[in-house]
Amino acid sequence: MKVYSYAPFENWGLTVHNTPTYTFVPTTILGVENLVKWAKAKGKRVRGAGYRHTWADLYSQDGELLVSMLDLEMATAVPDPSSLLPSVTFPGNQFKSIEVLDGTGDGREKKWVRIGAGVTNEELRRWAVGFQEWTLPMNVIMVEITVGGSTIPMCHGGGIRHPTLADLIRSIEYVDANGKHQAITDPEKLRVASGSLGLLGLVTHVTIEMDRMTYAVMQPKKVHTMLAIPPPAEYVTSGKVPFPLRKIGFTPSELEAARKEWESCALNDYYSEWFWFPYQKEVFINCWNNTVDASGAYDYPTPPDVFLQWIQGWLGGVINDSALFRALPGLWQAMILGTLAHTVQPTYEIRTPLPDALHFRRGVQNMRVRDMELQIPVPADDNGKPDFNVVQRAWWDAIIAAYEDPKAPMRTALEMRMMGGSGVQAVLASQRGNQLGTASIEVLTTMAAVADRTWGPYAQKVADKWMGLKDARGERLRTRPHWSKEWDGMTVDGTPWRDYLKMTSYKDEIVEFKDGLIDIGRMQGWGLEDIRDRFSCSLLDYLFFE
């Protein structure tokens, strides 16, 4: 395996910087086993990484060891050309394998597929589209992320029927604290192992239950912001809605009809997602359903579109890092970027294999952003039905906060996906227990907004709004952050968020998670102290071991 001494580390969002003693790029299970045994003998900790898209500090530390499932050149490339280049093979690299397992699933609509932790979403997409047999039912949009990097921190896609990626895992393989390759297949133990945040060991492979290939009938559209996700009635009557958006004056009946249409999409569509780009009068809506009928389907984006999207991402990164562009007022920056991002979105019907629809934007890696994402439970109304008023509030609170600050701290997008909760089994998943669904909502900004110190106060203001949401009975919702996004270093009710997470949001789950780890360790010959010494980091120390 390749080894780098004192190679400086930084994550993609530039929120984490450290210098591990050694950075390893392994290609075999035996290599990882020997590495962990050596780390144990030397008293070193080991953490893994892929494309480094986690904003929270869940990485290695100064003086410790980092394992990269990607070659460092690929892991740190901005812009990243992988979505433009032809497919390549990786002879001898066991972490780049994709294998359909015979005799698994139901044999007709479901099949288990064993995937190396270093396989990227782009490689998995090409495999799925190439064979036209099996596909993940949902996924994150980015193709520049590894399977290990998306499953272990419990990432997700869109659509209220879907759980997290970790919930699709039927077997997880890893090298444990003793340097032994292990596998867990027991469903009860997988509730802990599938979303272990790397504490269980260095993950080498996951076996995921895939669906038979279907085809998305995408019908993206742009709808006036007031009608896409209408504001709560009290926001309209009180004048809270920013004047540039309410000046048209839609009637109550128009707003009510729009609300019903929005809720129908949120409740029924296979995939549901909404984007508001800064200061735009329209929302880009990407809600669609799928079909088994392949007629008329084509690869999307087409090769020319892939190139254009890649160039758009690259130009966004170049412009964003330009001293000239940064000299412009923040409001100008936000309006320019928002207008460009909104303009390039399609508004025509697209029939394409499901994986292409899930990854409808390429070149996302090319423009660094900052990102805070929370998972808001959809509560019940007085009749036990989903009460989407809370979701409307969350959406509009972010928009209103953006208009209230003349420095325009949110310069990239407000994005929301509906997803499930009832099918979420991973103990540490942010959506677990949300029986009526989850609004996965996030605000993103540019690195320029971080540099001029406007992002932090805005993110905290929005977090205060979202974390303070209550149901119809006045009870505070159990809103929780995405583990991989920005939250550590912020506060909830004036309390450090890491304290709130430990003592309130995950108070019971942390006990359940640790009990599950103890059970697995008893079976495999290690204890909590062993995995703390081998696979933890400062943040996880505090949350689980202090």
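A: Begin with Pro 301, which is placed in the loop between β17 (288-291) and α10 (303-321); helices (H or I, at least four residues) and strands (E, at least two) are DSSP runs numbered from the N terminus. The model is predicted, so local features need pLDDT of at least 70, side-chain atom pairs count only at pLDDT 80 or more, and totals for chains, interfaces and linings use all residues. Residues are numbered from 1 along each chain as its sequence is written, and side-chain values use heavy atoms, without hydrogens and water.

Q: What kind of peptide bond joins Tyr 300 and Pro 301?

A: Most peptide bonds are trans. The bond between Tyr 300 and Pro 301 is cis, with omega about -5 degrees. Val 78 and Pro 79 are also joined by a cis bond, with omega about 10 degrees; Pro 79 sits in the loop between α2 and β7 (98-100).

Q: Is Asp 493 buried or exposed?

A: Asp 493 is exposed, at 55% relative accessible area, whereas Gln 132 is partly exposed at 31% (buried is under 20%, exposed over 50%, partly exposed in between; 1.4 Å probe, protein chains only).

Q: Which residues of helix α19 are buried?

A: An α-helix has 3.6 residues a turn, so residues three or four places apart point the same way. In α19 (528-535), the buried residues are Ile 531, Arg 534 and Phe 535. They line one face of α19, because they fall within an arc of 75 degrees seen down its axis (the arc of directions from the helix axis to the C-beta atoms). Their cover includes α1 (29-42), β12 (202-212) and α20 (538-545), with contact meaning heavy atoms within 4.5 Å.
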